[in-house]
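The report below takes up a pair of helices and then a sheet.

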Amino acid sequence: MQKNRLLKIILASLIPLLVLLGVLLFGGLNLGVDYSSSNVVTFKLTEEKEVEEVRVKIQELKKFDRIDAFDDGKYQIYYQNVTLEELSELEDDYTEKLGEITEFQVLVYNPTTLILIEGRILYALYAVTIIYLVLLAYVLRGSGISRASLVWLLVGDFMLFAMLMLATVGIINLIGFLGLSINAQIVNYALTVFVFSLFLNIIITRNLKLSTSSKLATEWIEAINSLKLSEIKYYLILGATLIAFLAIRLDLLLLIIALVFVVLYSMLIHIFLKPILVDWLLTGGKNFKLISKNKRLSKEW
Amino acid sequence: MKYKVQLFFIAVLAFVALVIAIPTISFTYKDKSYEITNPNPTDLNLQIIQDSFSYKPALDLQGGSLVVFDIDLKNHDGDKVEKFKQVEETIARRMALIGLRDFEFTSFYNLEDEVFQLHLTTPEEIETTLVQVLSSPGILDVLVDDPEALENAETESVSITDGRRSSGITNSDILSMSVISDSRIYSGDPETPNNFGLEIVFKPESKQKLQMALLSNISTGTPLIFSLDGSFVALQASGYYMDPYQEHDRILLYTTLVDSKLNNAVLGAVMSSPSLDTTVIANPSVVVSPTYGNDALLNAKLITIALVGFLTLLIVVILRKRALYVVLATFLFSIINITLHKILNLNLSLSLIFALQLVVTLFVLEQIFTVLKVNKFKKNTKLLEEFTESYSLNGWRPIFSVLILVPLIIFFENLLTASVNQFIQVIIMGVLVWQIYKIIFFIPIFKIFMRPIKSAKK
């Protein structure tokens, strides 16, 4: 492969990742009220009103992060990065917009979600990574690949998995700056996009035709070429249907950016970067005698 | 003949799945209201498995109910926020132990006004008594026979504490608890065991306390009595013998509440979490609107109908006559998934919808690729046979790999937040059904719809 093209692929894969990582490190995580603390205004309407009407009128006053409505006319409005003093001053504005209100209170709000699970997030991450690598190894069983090559291929897949995960977290975090902070459903949508983009790697892996002396990089490119253009087309068309349920609320449509970016990034790293990475790992791996000279690992998987 | 049997089996399985997966449809005809609904376990006397085969409501699409706990810290002299956090952690721990899938538990406070509130939002209303137990001090005491009191007793016992003393076992001695269904859990009549009871596991350093308690009752053979805040709530199950001369690390309890899984879970959660030394007042519950607006569920239904229509049209456009196989396969795959969700009573939340849509999309993609591959050798029956055999899963290995997925579903039951757990569980279940499809359904259905085209042969 030409050095120029090689450099372009590596840079195209790394630059967006570094940018997103930079935003993540310097800007912090854009956690929504499901996961981070905020200040809350609570009040009760004396006159019955439509929730949507209340939502619009309050939004005109000050941009909030979430609104909860209760059947007894009580409302809870969540504001991030607004002090209790500022919120206390809003009482008259609320009355002006909504009519008479009672039980006006400003409170500090702390969710317990992350407190309850923070110790277990890593376990889930380990489990998901292991499941993915085991699945790939299962797909490759009987394909003719040697065990040593399988090890390096899985190392490469693990690196791409980590890159794709960082890209997904990074883009979801970036969307937070456009007004859609990370909450429970956004985490789930991020996972949807992530799993769908990983599926591309599984499709190509299944097309691999190998022998124990395979160089892998060449066969990987052949596997991609054996996928007809129409198959990639259907992958993208069906992927586009994943935006359907975002229409449930208009602001969720911002997540289309995440879907497009992550799927395209997955295509970039799995189609173009992976052969380079696998080639580099196999070449370097020859010096790693624990694997390259191991008789058991030279057998077919 | 073999395929006919397989097809019959598939038809029966599909029918059962369809009957369970069918949504409730209500309509009025000639001034009479009708409702088509799926059968429930109660119809078959199987209520021990689940109360119903249905999706449970979720907070984001259907709303729920909110209970506000007011914590009175006016008389607390130390750091009030710190004390508030302690109370919050205790009740949060109790909530986590109950094993409710979808709930929000949040804290609100204003130091200046001395307002300290905990908000518990659940998709289904929790009984008032259970809410009160959840916020009660929850001081555990285990009562054993008091020989001195017995000797001095002149009148008949009128209270559970008469003739008994505290064994010294407290909440802090308990390591873990679980709700179990065990025939040994009965109080007097072995023929009427409780459906549910508790298994309490003691910390290693507290095993001796349990042994001492058992030894105290050795002469009378009466069971240990468990009380919470002075009220009798459970007793040692009578269905098995615990040798008092040996150290035990666990005990089975027969509980006195109404015999349900949730009641037992609440009781166990309070027993095995630290007791509260502050006043917590549980207010009456109020109804809360869905997170994504009142029309969220209706919108989700409309989107589902539109999406199914679009996907069917897309498959027909791509595969023409061969589309029938993919449509049928996807239909079967979807209803079996929905059936599993309904049997396990998953919450119909946006996370479940995202996960189900993802697995169905990937399944459709796989089926389209398979049919496109077959198109290459549609003239050659032998190649088609070979492909079908190689693509399907045979033997013990695939069955073993399917079985590995089951503990994974359980592993994610309480690992992270409810919505993420459910998302991952639905994905794993989807993969499970996918593998079962390849083992059982693929060959017979594929062979019917993918016969070599006669005109192509000519």
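Is the crossing of H1(A) and H7(A) left-handed or right-handed? In this predicted model, the crossing of these two helices, H1(A) and H7(A), is left-handed. Two packed helices are described by the angle between their axes and the distance between the axes. For helix H1 (residues 3-27) and helix H7 (residues 147-176) of chain A, the axes come within 9 Å and cross at roughly 55°, which means that H1(A) is oblique to H7(A). On the side of H1(A), the residues that make the contact include Pro16(A), Leu17(A) and Leu20(A), while Met163(A), Leu166(A) and Gly170(A) are among those of H7(A).

Chain B holds an open sheet of seven strands, paired antiparallel in the order S7-S6-S10-S11-S12-S9-S8. Its edges are strand S7 (164-166) and strand S8 (174-180) of chain B, each of which pairs on one side only. Neighbouring strands of this sheet are turned by 35° against each other on average, direction ignored. Within the sheet, strand S10 (residues 225-228) and strand S11 (residues 231-236) of chain B run antiparallel and are joined by four bridges, and Ile225(B) has Leu235(B) in S11(B) as its bridge partner.

| Helix | Strands involved | Angle |
|---|---|---|
| H6(B), residues 207-216 | lies across S6(B), S9(B) and S12(B) | about 35° to S6(B) |
| H7(B), residues 261-271 | touches S6, S8, S9, S10, S11 and S12 of chain B | about 175° with the direction of S8(B) |

How values were computed
Residues numbered from 1 in each chain as written. Chains lettered and ligands numbered in written order. Predicted model: local features only at pLDDT ≥ 70, side-chain atom pairs only at ≥ 80, totals over all residues. Axes fitted to C-alpha atoms, helices over the stretch in contact; angles between N-to-C directions. Parallel < 35°, antiparallel > 145°, perpendicular 65-115°, else oblique. Left-handed = near helix turned anticlockwise from the far one by under 90°. Contact = placed C-beta atoms within 7 Å. Pairing = 2+ DSSP bridges.
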